Amino acid sequence: MAKLAIAIFLAISLVLFSRLSFSRESLTGRRILVLLDDLSIKSSHSIFFNSLRSRGFDLDFKLAEDKSLSLQRYSQYLYDGLVLFSPSVERFGGALDLGAVLDFVDSGHNLIIAADSSASDLIKSVATECGVDFDEDPSAMVIDHNSYAVSETEGDHTLIAADDFIESDAILGKNKIEAPILFEGIGHSLNAGSSLVVKVLSASPSAYSANPSSKLSNPPSLTGPALSLVSVVQARNNARIMISGSLSMFSNRFFRSGVQKAGTSAKYKKSGNEQFVTELSKWVFHERGHLKAVNVRHQKVGETDEPAVYRIKDDLDFSVEIYEWSGKSWEPYVADDVQVQFYMMSPYVLNTLSTDQKGLYHTSFKVPDVYGVFQFKIEYHKLGYTSLSLSKQIPVRPFRHNEYERFITTAFPYYGASFTTMAGFFIFSFIFLYHK
Amino acid sequence: MSTAGPEGANGATTLRNAFGGVLSFFILLLIGVLAFSIRLFSVIKYESVIHEFDPYFNYRVTQFLTKQGIYEFWNWFDDRTWYPLGRVIGGTVYPGLTLTAGTMWWILNSLNIPLSVETVCVFTAPIFSAFASWATYLLTKEAKGVGAGLTAAALLAMVPSYISRSVAGSYDNEAVAIFALIFTFYLYIKTLNTGSLFYATLNALAYFYMVCSWGGYTFIINLIPMHVLLCILTGRYSSRLYIAYAPLVVLGTLLAALVPVVGFNAVMTSEHFASFLVFIIIHVVALVYYIKGILTPRMFKAAVTLVVSVGLVVCCAVVAVLVALVASSPTKGWSGRSLSLLDPTYASKYIPIIASVSEHQPPTWPSYFMDINILAFLVPAGIIACFLPLSDASSFVVLYIVTSVYFSGVMVRLMLVLAPAACIISGIALSEAFTVFTRSIKFQLPGLSLGSQVESGDVTSSVAVAQNSSTAVARNDVAKAEKAQEASKTRPSKKNKKKEKDIVEKESVTPHSDRRHLILPMEASVISIFLLVLLGAFYVIHCVWAAAEAYSAPSIVLTSQSPDGGLHVFDDFREAYAWLRHNTDVDDKVASWWDYGYQTTAMANRTVIVDNNTWNNTHIATVGTAMSSPEKAAWEIFNSLDVKYILVVFGGLVGYPSDDINKFLWMVRIGGGVFPHIKEPDYLRDGQYRIDSQATPTMLNCLMYKLSYYRFVETDGQGFDRVRRTEIGKKHFKLSYFEEVFTTHHWMVRIYKLKPPKNRIRGKTKKLKSKGSSKRSVAGKRNPWN
């Protein structure tokens, strides 16, 4: 009986614990499940894992085929993030499958997928569901005869030195990555119709995806600009996914090795991989670029209480506070491009909010001369940041019967006319009746 | 007629008058009780609920009024309908009904009778139908005497056409408006008969109440000018006519303009022009009569030639300006509903939204027999009776019936205006017939004390005793004889009036002496009376049947008789609205076809996109377009309107014919009227509307089809639609942008939710066959029915 009670207590506390770990405010105890093809990766990629640990994550290493795999217990997710370093797995063990991974993402959790030339259909289909299509040719790799990484052996130019990054401080951090990235693996293309997926590391225009060991008979399907090496996805619920065609990009070997891009003289002692992967993982796990908007307030100018309804032509103040998560605390978010709409089927007012540099954004405007049910709408979608879309409904009513002007100057002739008519009629009746 | 009867006869007459007065008072009381109680079938058979669609809105408004008070009501901006436009209720609603019920509730509450607002609303219509029958009595009495009045009141108390709009729970504008209509007419006739300014003022006030209550007030403001014009043309102009008409136009228009919903329409729209035109004409005529009085005939003739030649030129100029002004407006200054009255084909040609309402369709012949029954046969007889003799009042009644017959032929809902006219005319007919027959019997029965008097030769007084109406006349005579002595002191104008009164009364009285020739054989009279009573009995039976069976269903609760005699209740509407009220967020928006808008706001308290107040055609067309579009386009339209739930009414399972699929073509038409990419022929196979396997792909893929028939095949395995009596065309399909959240017990109301946009966007590669994904789709399907 006591055992049972303890078990229940443990279960409850576990649930509570995992519940707590969802909130961004908790610094420690965020759990990440790392699925590996074999446990040697744990040591061969230890720098990357250690950087995660040092940022407060609990890593849970499991073999991808582990029979006890499960992302959730009692409908509660046990992990905040999932790292798939298991490119060759054909089937996950335990309760995990493609659907479970996607549900994990759809409930707002983050995912890192690393593939390589041995990538299985399963891994490819996870990527496809996220909007990224790996090259379907199983033997294809990314080859670049112009911007490969110079090494001792001539090789087949599958080890690429890529330095075509996306320009976004939010995704890659403020410090510019100087050294090129060493990349060896497969390429992918993006769904052009998807606005959610972003190319972070592009290949050079001369890169293509083909089998390095055989001669090219047909033109390669993926070339130059269409070829992406590392991409990120931010789903509509702000879950973040990083997809890389190279597992070895994360490895200690690549982290430490020097790099020289073919055709250039600059030699770097250390490749840009460590900085690139670390910064990107910070973004993926919401340590950067996560915004929240709180305290949406609006009131008539000069008042403090929020009214239930506005009248047309009222002057109003609107304010909202926006903060960004720095990994440790909420810092004021400063930007000059946050806009608010006063919206009823189409925006009647579109104002850029001014900020006080402390997170408070403010504007004031006049309610348009149209009544109806309006919304204050903020739709803030900026590359690398979680999208803010909030709306607050507020009706706008017409004038009350006693809010109109009582006497209109232009109507004085009419007033005069009616009163003189009345007086004239009175006099006329008086004379008509009593004059005789 | 100027001489009164002998002393004894005079005393007997007074006694008879008193007796008759008491008797008619009790008869009227009973008529009121009858009018009230015959309308209670709906409460007894079903329950005390508000019926149908519009009454729910009125009920909601009344609740608001009782809670917030009149000023808040006046300025009420309702943000829960017509999202996101909102509706200024205070300025777009006829407040008469609401204020009436609100006042009744307030009075009852201040008397410490704690009735709920709903109860007051439910019983407003029966109470006012009692008032209406009393008003009918007054009107007919003014036209043709007490007997006709009582008969007409009794007929009106139970005429099925009126019952259909005034059963308990039918809390609609017409409930009080018919009373107001009849009462306004009564006061007009009363003013016309007496020439009293007091009644003219009351008339304007009654007209004001009518304007407050119903848009049908335009009928009054056109019918009365027509009658005035008729009187002028037939040479019946008198100062009484002037007093009856001029104050009504001036005061009535001023008062009407005070009602927010009418406002400047009272002087701006063509519906009111007739009254102003006649107002001018009556002044011209009055002027002509005045000039005629002070000029010699020769000078008058010269003046007429002069004025006519000058006046004609001026008139032509004014008319040309008016025509140009009116022609410059697209609708020629008339509102759509009024235009469809003048040209019955107008609505079906140009305004599908008016044509789509079943009560705006022209009625069928059977509906006349259903709604006014034997009155249809009695009306011609009554019209003849009105011409014997033709007075101002009876000519008004004839004009009333003629115009209302025309209007009822245009729109089935205006049958309601015809019903009182038919009752009045039939009451006159029946009363006249009874008078003739009973008099014939009296003349031939030797045992009656009256016989000797008749023999003695004073025909008029005996007729006066026999017939109530002439009693009144006789009493008037007595009164007049007394007044005649005072007449010398009064001013000349009053004298003139009296003289005219004399003329009128002489006219109405002289034929009585002719009736001596109308004495029928005893047997014929007895049989005729028997037949008339039988006819009346059939009428009563029909009315009671109509009240009990045909017109008492509240339409939100349906019943059906099962073969073993049991009663099966379909309460799906309230089930669905209750689900919405309890399971959705307060600010969620519900889209449905506009028929269900009022009920959704009132019963589910959720915001709707469109409702039964069809003031914005574009907004309705948007919803119609969404319903006729394929799923994706529909999702986008609804999403842009912030809609969260969609409600469709589906009768295919239980055979409920007025469901959305049957209304669907109207959605297509109304939608296509604004958004031309929706084309009606796309939904018809060879001009036929069908939903079976022969239906067009557009039809089978439109949202309304999908939402109605989603999973329908699971009910019987075949998908047999009991309303359309056919198997549906597309049986197995999935919804990708909507999900079913609730379906009522008999599938009559189905509620769907818009799915949120996909969290991720897939890549282009074909979906790989993996067990995981198929498993997931099963798990992900949220189906409350499996």
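**Where chain B meets chain A**

So, between chain B and chain A there are 15 residue pairs in polar contact, both at pLDDT 80 or more; that's N or O atoms within 3.5 Å, where within protein one must be able to donate a hydrogen and the other to accept it, and residues adjacent in sequence count only if both atoms are side-chain atoms. On the chain B side, α4 (70-74) and α37 (771-780) each supply at least two of the residues touching chain A; helices here are DSSP runs of H or I, at least four residues, numbered from the N terminus. That side of chain B splits into 11 nonpolar, eight polar and 11 charged residues, with Ala, Val, Leu, Ile, Met, Phe, Trp, Tyr, Cys and Pro as nonpolar, Asp, Glu, Lys and Arg as charged, and the others, Gly among them, as polar.

Quick housekeeping: this is a predicted model, where local features need pLDDT of at least 70, side-chain atom pairs count only at pLDDT 80 or more, and totals for chains, interfaces and linings use all residues. Residues are numbered from 1 along each chain as written, chains are lettered from A and ligands numbered from 1 in the order written, and side-chain values use heavy atoms, leaving out hydrogens and water.

Now the charges: there are four salt bridges between chain B and chain A, meaning a side-chain nitrogen of Lys or Arg within 4 Å of a carboxyl oxygen of Asp or Glu. One of them joins Arg760(B) to Glu129(A), at 3.6 Å from N to O.

In contact terms (heavy atoms within 4.5 Å), 30 residues of chain B touch 40 of chain A. Asn759(B), Arg760(B) and Ile761(B) lose the most area in chain B, together 23% of what that side buries; buried area is the accessible area (1.4 Å probe) that two parts lose on being put together, summed over both.
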